[in-house]
Amino acid sequence: MPLFSHQQLRTLLQQHLLRVNTPADIAQKVADNLVEASLKGHDSHGVTLLPRYIRAILAGDLQADARLRTIRDAGAVLSFDGGHGFGQLLGEQAMRAGIDRVQQYGVALVGLSNSHHLGRIGAWAEQVAAAGLVSIHFANVAAPSAVLPFDGLRARLGTNPFCVGIPLADRPPVVLDFATSAIAGNKARVAWNEGRPIPPGCAVDANGEPTTDPGVLMSEPRGALLPFGGHKGAGLSLICSLLGAALTGGETESHDIAPRAGIINNMLSILFDPKKLGAGESYQQEVLAQVEWVRHDQQGRDVQIPGEPEQRARARRIEEGIAIDEVSWQEFVALESLTA
């Protein structure tokens, strides 16, 4: 597999985006976001997505120059439409607007509909945490249903991510960020590209039989992903669609959406100032105490706090580089003729 430094990939991605008339400022944000996702170990949400983004632009399903449009402004409540623009730009702008409102009101409720792929939702929790604020995010995927409901036979849900970010004093934040399916759909794609199985208990084939073959998710007749944790993950996936899409003006999976070139996301985000709650200014002491308690007396076991795997992966990949699987690299090579 080809190996690149993060600087090389930032330049490569920007060049490809500029070739399809992406404004320079947006191209840089998209490239940086995708590279950061790969640095943090999430190749599923990283640089290998770029060929699909380019194809979505050429198909008219991703508007490379779209900017955030305000739908409603009611003080602490903000609603935006993304016009199928780059989520890497729209997500950052929506969170910046929410952060500004928290400074005024102590809390902000931010709806974002019709954004192209928002990427790794944890990036938005990190942005908010850097401002000293807590955030909770419910996102849905406006795409053909890929996940079974609990005890279901037909896919009716999306991989619909859920994320929480909590700032820590003088430390990286706690960031819990996961798909409500047993694995993210793009992680199955990466496994397929690399010719390896997915873990047991993550998917079924078109006949409802358990499988570790990611290929059943990539071609017809398609199988389906399973929700994580049985009824708990299925329930949270439904909540993410109801809050993230139905209440923000986006499309839920009930629209029976046809396959599309792009990846359309909707998201509801709750941001607030933790100092305004019951613990007041001393909340950090309690937060840190609980984090340390989780690790206390674990007899040398490597207990990690949400967000730490990403921090470790980033340090390692900054040093060692980022590998791109051969299938994805050939897609990059094909971009030369696709956009010529």
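This is a predicted model: local features need pLDDT of at least 70, side-chain atom pairs count only at pLDDT 80 or more; totals for chains, interfaces and linings use all residues.
1. Both Phe138 and Phe162 are buried, where buried stands for a relative accessible area under 20%, exposed for one over 50% and partly exposed for values in between (1.4 Å probe, protein chains only). These two residues belong to a cluster in which ring pairs link Phe138, Phe162, Phe178 and Phe228; rings of Phe, Tyr and Trp (its six-membered ring) are paired if their centres lie within 6.5 Å, and the planes count as stacked under 30 degrees, edge-to-face over 60 and tilted for the rest.

2. Residues are numbered from 1 along each chain as its sequence is written, and side-chain values use heavy atoms, with hydrogens and water left out.

3. The structure holds six aromatic pairs. One of them is the tilted pair of Tyr53 and Phe86, with 6.0 Å from centre to centre and 55 degrees between the planes.

4. Helix H3 (residues 50-58) deserves a look of its own: Leu50, Pro51, Tyr53, Ile54, Ala56 and Ile57 are buried in H3. These buried residues pack against helix H1 (6-19), helix H2 (24-39), helix H4 (87-105), strand E4 (107-116) and helix H10 (326-338), a contact being heavy atoms within 4.5 Å. Just after H3, Gly60 takes a positive phi of about 80 degrees.

5. Some backbone values call for a check by eye. Most residues other than glycine have a negative phi, and most peptide bonds are trans. Asp151, in the loop between strand E5 (134-142) and strand E6 (161-168), has a positive phi near 65 degrees, and Asp151 is exposed, with a relative accessible area of 74%. Gln299, in the loop between helix H8 (283-295) and helix H9 (308-320), has a positive phi near 55 degrees and counts as exposed at 75% relative accessibility. The peptide bond from Glu220 to Pro221 is cis, with omega near -10 degrees, and Pro221 is placed in the loop between strand E9 (210-211) and strand E10 (224-225).

6. For the overall fold, the protein has 10 helices and 12 strands. Its radius of gyration is 20 Å, close to the 20 Å that the globule rule gives for 340 residues, so the protein is as compact as a globular protein of that length; the radius is taken over C-alpha atoms, and the rule is 2.2 Å times the number of residues to the power 0.38. Of the 340 residues, 52% count as buried. Among contacts between residues at least 6 apart in sequence, 68% join residues at least 24 apart.

Technical notes. Helices (H or I, at least four residues) and strands (E, at least two) are DSSP runs, numbered from the N terminus.
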